[in-house]
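Subject: Structure handover

Hello,

Here is the structure I said I would pass on. Please open it beside this message and follow along; my notes come below it.

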Amino acid sequence: MATAARPIVSPGTRLVQRGEGRISLNALATQAGVHPDLVRRLVGLGLIEPCGGTRAAPLFRRLDAAVLNRALRLRRDLGLNYAGAILACELLARIDELEAQLRAGAPPQRQREVMTWTQTG
């Protein structure tokens with residue numbers, strides 16, 4: 001007598017792809033190779049945003065470590081300040097998005113997002 005196979009996960013459950021999970025601020029700092037205070041500073045400047053957790057214990061995407069590293073490389077290699085490195089990261093991300101749309105054959109979509117500027121110093 002054959003029995004029906006039971007699903008391993010319940011219907012509607014979203015499986016997290018490898019490298020896509022959420023991590024703590026300290027784990028993010030460790031993955032990026034920086035001090036947690038620098039991560040807090042860059043969060044305050046708007047480079048990355050928490051995707052869950054609480055105000056005291058925010059959670060971030062694992063991919064945010066790559067964003068942090070990109071900003072820090074721009075700062076180190078080009079001598080940009082943090083605000084300049086963040087702006088450059090936003091522009092590079094937008095270029096990546098537009099190039100992906102072109103490769104997919106889709107016409108570029110206009111983005112109606114207002115960029116905010118942070119005064120430093």
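Leu28 is buried, with a relative accessible area of 0%; the cut-off for calling a residue buried is under 20%. Please keep in mind that this is a predicted model. Leu28 sits in helix α1. Setting aside neighbours within four places in sequence, Leu28 is in contact with Ile23, Val39, Ile48, Phe60, Arg61, Asp64, Ala65 and Leu68. Leu28 and Leu63 are 35 residues apart in sequence, while their C-alpha atoms are 9.1 Å apart in space.

Helix α1

Helix α1 covers residues 25-32, and its buried residues are Leu25, Leu28, Ala29 and Ala32. Where do these buried residues lie when α1 is seen down its axis? They fall within an arc of 100°, so they line one face of the helix. Just after α1 comes Gly33, with a positive phi of about 75°.

Helix α3

In α3, the buried residues are Asp64, Ala65, Leu68, Ala71, Leu72 and Leu74. They pack against α1, α2, β3 and α4. Three of these residues, Asp64, Ala65 and Leu68, are also on the contact list of Leu28. You can check the length of this helix yourself: at 1.5 Å a residue, the 15 residues of α3 should span 21 Å, and the end C-alpha atoms are 21 Å apart, which agrees. Just after α3, Gly79 takes a positive phi of about 70°.

The sheet

In what order do the three strands of the open sheet come? The order is β1-β3-β2, and the pairing is antiparallel. The edge strands are β1 and β2, each of which pairs on one side only. Between β1 and β3 there are three bridges, and Ser24 stands opposite Leu59 in β3. On the other pairing, strand β2 (residues 52-53) and β3 are joined by two bridges, again antiparallel. Here Gly52 has Leu59 as its bridge partner in β3. A hairpin of four residues leads from β2 to β3. As a general point, the side chains in a regular strand alternate between the two faces of the sheet.

Salt bridges

How many salt bridges does a search of the whole structure find? It finds five, and I describe some of them here.

- Arg40 and Asp37 meet through their side chains in a salt bridge of 2.8 Å, N to O. Both are in helix α2, three residues apart, which separates them by about one helical turn. Arg40 counts as partly exposed at 45% relative accessibility, and Asp37 is partly exposed too, with a relative accessible area of 48%.
- Arg94 and Glu97 form a salt bridge of 2.6 Å, N to O. They lie in helix α4 (residues 82-103), three residues apart, about one turn of the helix. Arg94 counts as buried at 18% relative accessibility, whereas Glu97 is partly exposed at 36%.
- Arg76 forms a salt bridge with Asp77, and their closest N and O atoms are 2.8 Å apart. Arg76 is exposed, with a relative accessible area of 59%, and Asp77 is exposed at 53%.

Confidence

The chain averages a pLDDT of 81, and 71% of the residues score at least 70. Over residues 13-19 the pLDDT stays under 50, and the model has five contacts for this stretch beyond four places in sequence. Where pLDDT is low, the predicted coordinates should not be read in detail.

Regards

Conventions:
Residues are numbered from 1 along each chain as its sequence is written. This is a predicted model: local features need pLDDT of at least 70, side-chain atom pairs count only at pLDDT 80 or more; totals for chains, interfaces and linings use all residues. Side-chain values use heavy atoms; hydrogens and water are left out. Buried means under 20% relative accessible area, exposed over 50%, partly exposed in between (1.4 Å probe, protein chains only). The arc is that of the directions from the helix axis to the C-beta atoms. A salt bridge is a side-chain nitrogen of Lys or Arg within 4 Å of a carboxyl oxygen of Asp or Glu. pLDDT is the predictor's confidence in each residue, from 0 to 100. Contact means heavy atoms within 4.5 Å. Two strands pair if DSSP finds at least two bridges between them. The expected span of a helix is 1.5 Å times one less than its number of residues.
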